[in-house]
Structures are given as structure tokens and as C-alpha cells.
Amino acid sequence: MLKLSKKSIKGKLIRIGLLTTTVALGLAFLALLVKELLDTRNSLVKDLRVQAKTIGTHSASALIFNDPKAAAETLATLQSWPNIRLAVIYSPEGEVFAVYQRPGSKPGDRQPSLKEGEVKFGINTLTLVQPVFFNNRVVGKIGLQSDLGKFYFLIIRYGVTVAIVLILSLGAAYFLLSQLHRTITTPLSNLVRLMGTISREKNYDLRASLFEEDELSALGQGFNEMLDQIQQRDRELEMHRKHLEEEVGRRTKDLAMANIRLERELDERRLAEKEKNILEEQLRQSQKMEAIGRLAGGVAHDFNNLLTIIQGYCELSALKIEQGEPIGEEIEQIKQAGNRASELTRQLLAFSRRQLLEMKVVDLNELLGNMKNMLSRILGEDIQIIFSLGKDLGKVKTDPGQIEQVILNLSVNARDAMPYGGKLTIETKNTLLDQAYAQTHPGVIPGPYVKLSVIDTGSGMPPEVKSRLFEPFFTTKELGKGTGLGLSTIYGIIKQSGGNIWVQSELYKGTTFDLYLPRIEESPESEEMVADPQTRLQGSETILVVEDEKEVGKIIKKTLQELGYQVWLTEGGREALRFFKDQESPPIQLLITDVVMPGMSGRELRDHLIALRPDLKVIFMSGYTDDAVIRHGISKKEMNFIQKPFSVNILARKVRLVLDET
């Protein structure tokens with residue numbers, strides 16, 4: 001047997017391998033140590049900024065009202081954060097407003113004196129100062145000083161761990177390299193042993209193993225070719241025998257496959273029949289919901305016109321009655337009832353997908369993070385809330401306020417299903433709905449989605465309740481404890497956002513709501529904080545009102561006249577066009593028109609009048625928004641739009657805002 005000296009190839013390979021491994025691991029250790037230092041430092045600064053922002057938010061009101069005691073009480077909550085040594089709140093003039101010092105800290109800890117936004121690392125401390133905002137206005141600043149003990153502990157632990165890994169890696173490398181020489185001598189020894197076995201036993205079925213294309217493999221290949229020639233005639237006989245056996249086996253297999261295909265076709269027919277029944281039931285449910293939605297949208301549209309009249313006359317009457325008179329209270333009650341009726345119509349419009357959503361690019365993880373505290377307060381301490389938020393979650397395009405309402409409604413329903421406490425889980429993740437899923441779920445368009453799941457451990461629901469879950473005015477709650485519009489509103493919001501909602505529920509096994517919203521590749525839109533100026537509501541300009549509902553037009557005219565405007569009223573687009581062409585003075589400066597009218601729509605009227613008077617300003621109004629936005633091309637971002645019913649104040653502000661535009 002061929003053996004290699006340890007001082008020759010094996011020794012050289014081990015020395016070279018160990019040197020290379022040591023250098024590579026040393027460089028990797030150094031790079032990882034530097035990265036860990038930077039990551040840990042950035043993490044500490046980020047955490048301290050979050051803590052400073054939290055304390056600043058809670059102490060803003062104390063700074064505004066000059067209440068040092070309230071600020072000190074806010075700082076006292078830092079006792080639950082053992083890493084904070086010192087915290088100081090400064091007034092807008094730079095004076096110390098309130099101070100917190102952790103019990104047991106050294107007297108030498110000084111108040112932070114950095115500029116706003118500065119961060120300073122010391123030997124044992126991290127100091128940060130940043131401004132305190134209230135409504136985008138700086139009302140003071142806060143300085144925090146954090147202990148770096150945790151920072152050094154993490155670095156030491158990381159260093160020890162990597163050192164242990166380095167030692168173990170070198171040991172493993174030495175062991176592997178010491179075995180490397182076997183790859184050279186083992187193939188030659190195996191070939192020598194094989195030749196001896198064949199010579200003694202006359203067994204020509206044995207073959208040399210070939211692993212690499214080298215000299216030893218070439219020698220083994222020549223030996224195998226010699227054995228092949230010896231066995232050539234034996235193989236020919238064996239091939240004839242195998243051919244006969246294969247033919248018999250093939251025929252047997254064909255019969256078995258034919259039987260399997262027959263059974264499979266029967267199973268597929270039974271499965272197809274079952275899927276057909278499921279799809280037909282889902283289609284009937286979808287058609288029923290669509291029909292109810294159209295009815296709800298039509299009712300809401302007509303009801304909005306009536307509410308515009310009721311609320312308008314209530315507000316005009318209230319303005320004419322002296323404060324404190326009994327009839328004034330009665331009118332106020334009528335107005336409040338009208339507001340509640342208006343809220344019901346908005347819910348009907350949401351279910352029928354006829355409300356006007358303010359679509360924005362939304363990160364659901366960020367939205368849920370902002371709702372955590374609110375959900376904890378609403379659900380109570382006996383409900384455990386678990387957030388399982390997916391990493392690298394895609395963005396969706398929807399109305400963030402409406403989605404918050406969806407999450408809140410589902411959470412409150414879950415709380416009602418768990419009267420003795422339980423667990424509420426809110427999950428998000430990216431998902432892909434394929435063609436197979438779409439075939440079993442009518443209305444689903446295949447593609448990438450973001451899935452939002454709300455899961456409770458409550459009492460669940462029977463199939464007869466689940467089948468009517470999204471119908472408007474359907475509720476299982478006691479009389480007076482629910483309108484039955486909560487889940488129907490959720491259904492409309494998700495559908496109008498291009499998504500889908502599915503429910504899984506069994507009695508005593510909880511309920512799961514799965515919401516799918518289309519995933520997009522856009523970045524979230526930044527929110528611009530716009531101040532609400534004190535707008536002058538009265539005016540003397542000339543306004544043309546076009547409204548096919550006579551009573552609605554009369555209340556709008558009367559309202560504007562009370563505000564000092566000169567108002568003309570027509571009941572249709574063609575009549576308004578004739579009036580506009582015939583009128584001489586004073587010139588009309590503003591057109592207020594309904595969107596959907598017989599004969600000529602508001603958009604067509606606007607195009608005709610703009611051609612005659614390019615500087616004419618226009619406000620559109622409608623009792624339902626799907627016709628206004630979709631069929632008649634009215635875009636909220638491009639046009640001035642007001643939704644019926646509206647209050648006197650909203651109408652007055654909108655008119656004044658449009659007239660004052662340059």
C-alpha cells in the first residue's frame with residue numbers, strides 16, 4: 001500500500017490550510033466586530049431618540065401650560081427605563097423646566113448642554129438633546145443621558161462568542177486538513193485491493209470507482225474497459241432475458257395504469273361537481289351582496305338630498321333664534337338627529353362602494369404600530385393583543401382613515417365575542433394569490449397582495465350567521481346595541497380598495513377575518529400639515545346654483561343669500577346654459593352645480609360655461625360619489641367637490657375658499 005510521509009504533501013497542506021484559515025477568520029472577526037460596534041451604537045441612539053420623542057410628546061402640554069409639576073410627573077415614568085440616568089426638559093427660553101435623575105446615579109452626572117439634535121458619546125454615557133413639538137411648533141426641548149453598560153456588555157459577549165467560534169473553526173480546519181492526504185492514497189489502495197479480489201474470486205462484475213479526472217482515474221478506467229470486454233457476451237444474453245421480463249412487466253403496468261386513470265377520472269368528476277356547487281353558492285352570495293349594495297347606494301343618494309334640506313333649514317332657523325329659547329333646543333335635537341342619519345348614509349355608501357375614498361400609499365405595519373396604544377385602551381386588560389407583522393411588507397393603496405376604522409371595528413367585534421377575556425392576534429404578510437385560488441374565490445384577481453388577518457379566540461359563529469355576515473342592518477346583538485352596518489361598511493371599504501375579505505369561523509373555536517389588499521411598488525406619501533385659516537364666510541359675489549332637486553336648490557340659495565351673496569337658481573343644465581348666455585349684469589363669478597342631472601350633467605355644463613367664461617370658478621356637489629367620480633369624470637384631486645348632505649358652515653367655507661383662489 002502506498003503511504004505518504006507527514007513531512008511531505010500532508011504536512012504542507014496542513015500548514016498552508018491553517019495559515020489561510022487563520023488569516024481569513026481573523027479578518028472576518030475584525031470586520032464583524034467593527035460592524036457590531038456601529039450597529040449597536042446606532043441602535044442605542046435610535047432607542048434613545050424614540051424615548052426622547054415619547055417623553056416629549058407627553059410633556060408638550062405641560063410646557064404649553066407652564067406646568068413643571070406635570071412635566072416632572074411625566075419624567076418620573078422613566079423609572080421603568082433603568083438605562084436613563086438623567087433627563088431634563090427645557091423651556092422655549094432654554095431654562096431648565098423639569099429634571100429627573102435616576103436613584104443611585106453619581107452626583108457628577110450633569111445636565112445635557114448640547115444643541116438641539118446633537119448626540120454625544122462619553123466613556124460611560126450617551127447624551128442626546130432634541131426639540132419638543134406641539135402641532136409642528138417647537139415648545140421646548142428635552143435632553144436624555146443613557147447608561148452605556150448594556151453597550152459594553154453586548155460588545156464583550158460578542159467578542160467572547162466570536163473568539164470561541166474562531167478556536168473551534170481552527171480545530172475543525174486542522175482535522176479536515178489532516179484527512180486530506182487520504183484523497184490521494186485511498187483510490188490507489190482501493191484499485192490494488194480490487195485487482196487482488198478479482199484474481200482470487202474470478203468475479204468480473206466488480207468495477208473500480210472513478211471520482212476525478214486524474215492519472216489514477218485513467219488507470220481505473222482502463223481496468224474497467226478490460227472487464228467490459230470479458231463480460232460482453234454475458235451481457236448480450238442478459239439483455240435478451242431482461243427484454244422478455246420488461247415486456248411482461250410493461251403489459252402488467254399498462255393495465256394497472258389504465259385502472260388508476262379510471263379511478264382518477266371518477267375522483268376528478270366528483271371533485272369538480274363539489275367545486276361547482278361551492279362556486280355557484282359563492283356566486284349567488286356575491287350577486288346578492290351586489291344587489292343589496294345597489295339598493296343601499298340609491299337609498300343613500302336620495303336620503304342625502306332630504307338631509308341637505310333638513311339640516312340646512314335647521315341651521316338657518318337656529319341662526320335666527322336667540323340663544324337659550326326652548327325652540328332652539330328642539331331645532332338642535334333635529335340637527336343632531338340629521339347628523340346621525342347622515343352617518344348612516346355614509347355607512348350605506350361605504351357598503352355599496354359609493355363613498356369617495358382619499359386613496360394614499362399605506363404601510364400597514366406602520367399604521368398598526370400607531371394603533372397599538374388605542375387598541376389596548378379600547379379592548380381592556382382581559383384581552384391579550386398579539387401583533388405578528390411580516391418583514392419587508394409591501395405597500396397598499398387605500399384610505400388610511402377607513403382602514404383604521406376597519407381594524408377598529410373588527411377588534412371591537414372580537415372583544416364582544418370574548419366577554420370573559422381571550423387573545424386577539426393581528427397578522428400581516430405578503431402573499432401571492434394564483435389562478436387556482438381565483439377560480440375557487442369569485443371576484444379575486446390573481447396577483448401579489450398584502451394579507452391582513454384579525455384572529456380571535458371568541459365564541460365563533462354558526463353557518464347561518466356567517467352566510468349573512470356582511471348584509472346591511474343584519475346584527476346578532478340586542479336591540480339598541482348595534483345598527484348592523486359595521487361589517488357591511490368593512491366589506492364596502494375593502495371592495496372599493498380593490499381587495500377581498502374572507503371569514504373562517506366555527507362555534508367555540510374563534511373567528512378569523514382575512515383581508516387581501518393589492519400590493520403595489522410605490523412609496524408611502526408624506527402627510528402635509530396644513531393650517532386651518534380663519535376664513536371669512538360672508539361675501540357679495542354673484543353665484544349661479546344648478547340643482548334638479550327643487551327643495552335642495554331653494555335651501556342652498558337661501559343659505560347663500562343669508563351670507564350676503566347674490567344668488568340665481570336654475571333646475572337643470574340646459575336652463576342654466578340659456579340663463580348664462582342671456583344674463584347681462586352682474587356677471588356670474590361662481591357656478592355651484594349638481595353632478596348627476598337629467599339632460600345635461602354637471603361636468604358637461606361646466607365645460608360649456610368655461611368655454612364662454614374661462615375665469616369662471618366651479619363647485620360640484622352630489623348625493624352619491626360613484627357617478628360623480630367614475631361615470632362623469634369628476635376627480636377630487638382636480639375639482640372642487642362637496643358631498644351632500646353638508647352644513648351651512650361647510651358650504652360657506654367651500655364657497656369662500658374657491659372664490660378667494662387666485
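Reader: Okay, to start with, what percentage of the residues of the protein count as buried?
Author: Keeping in mind that this is a predicted model, 38% of the 662 residues of the protein count as buried.

Reader: And how many helices and strands does the protein have?
Author: The protein has 17 helices, and its strands number 17 as well. If you take the contacts between residues at least 6 apart in sequence, 70% of them join residues that are at least 24 apart.

Reader: You said predicted. What pLDDT does the protein average?
Author: The average pLDDT is 77, and 73% of the residues score at least 70. Among the elements, strand 10, which covers residues 447-456, has the highest mean at 95, while helix 16, covering residues 625-631, has the lowest at 48.

Reader: Where is the pLDDT below 50, then?
Author: One such stretch is residues 1-9, which has eleven contacts in the model beyond near neighbours in sequence. Residues 526-535 are also below 50, and that stretch has six contacts of this kind. Where pLDDT is low, the predicted coordinates should not be read in detail.

Reader: Good to know. Switching to helices, at what angle do helix 8 and helix 9 cross?
Author: The axes of helix 8 (residues 364-379) and helix 9 (residues 400-416) cross at roughly 40° and come within 11 Å. The two helices are therefore oblique to each other, and their crossing is right-handed.

Reader: Which residues meet there?
Author: On the helix 8 side they are Leu364, Leu367, Leu368, Met371, Met374, Leu375, Ile378 and Leu379. On the helix 9 side they are Pro400, Ile403, Glu404, Ile407, Leu408, Ser411, Val412 and Arg415. Sorted by class, the residues of this contact are 13 nonpolar, one polar and two charged.

Reader: What about helix 13 and helix 17, how do their axes cross?
Author: The axes of helix 13 (residues 550-562) and helix 17 (residues 648-659) come within 11 Å and cross at roughly 65°. That makes helix 13 roughly perpendicular to helix 17, and the crossing is right-handed.

Reader: And which residues make that contact?
Author: Helix 13 contributes Ile556, Thr559 and Leu560, and helix 17 contributes Val648, Leu651 and Val655. Five residues of this contact are nonpolar and one is polar, with no charged residues.

Reader: New topic: what is the phi of Asn66?
Author: Phi of Asn66 is near 55°, which is a positive value in a residue other than glycine. Asn66 is found in the loop between helix 1 (6-64) and helix 2 (68-76).

Reader: Is Asn66 buried or exposed?
Author: Asn66 is exposed, because its relative accessible area is 56% and the cut-off for exposed is over 50%.

Reader: What about Asn136, where is that one?
Author: Asn136 is in the loop between strand 4 (125-134) and strand 5 (137-147). Asn136 has a positive phi of about 65° although it is not a glycine, and Asn136 is exposed, with a relative accessible area of 58%.

Reader: Last one, is Thr74 buried or exposed?
Author: Thr74, whose place is in helix 2, counts as buried because its relative accessibility is 13%, and buried means under 20%. Leaving aside neighbours within four places in sequence, Thr74 is in contact with Ile55, His58 and Ser59.

How values were computed:
Residues numbered from 1 in each chain as written. Predicted model: local features only at pLDDT ≥ 70, side-chain atom pairs only at ≥ 80, totals over all residues. Heavy atoms only, no water. Axes fitted to C-alpha atoms, helices over the stretch in contact; angles between N-to-C directions. Helix = DSSP H or I, 4+ residues; strand = E, 2+ residues; numbered from the N terminus. Parallel < 35°, antiparallel > 145°, perpendicular 65-115°, else oblique. Left-handed = near helix turned anticlockwise from the far one by under 90°. Contact = heavy atoms within 4.5 Å. Nonpolar A, V, L, I, M, F, W, Y, C, P; charged D, E, K, R; others polar. pLDDT = per-residue confidence, 0-100. Buried < 20%, exposed > 50% of the residue type's maximum accessible area, 1.4 Å probe, protein only.
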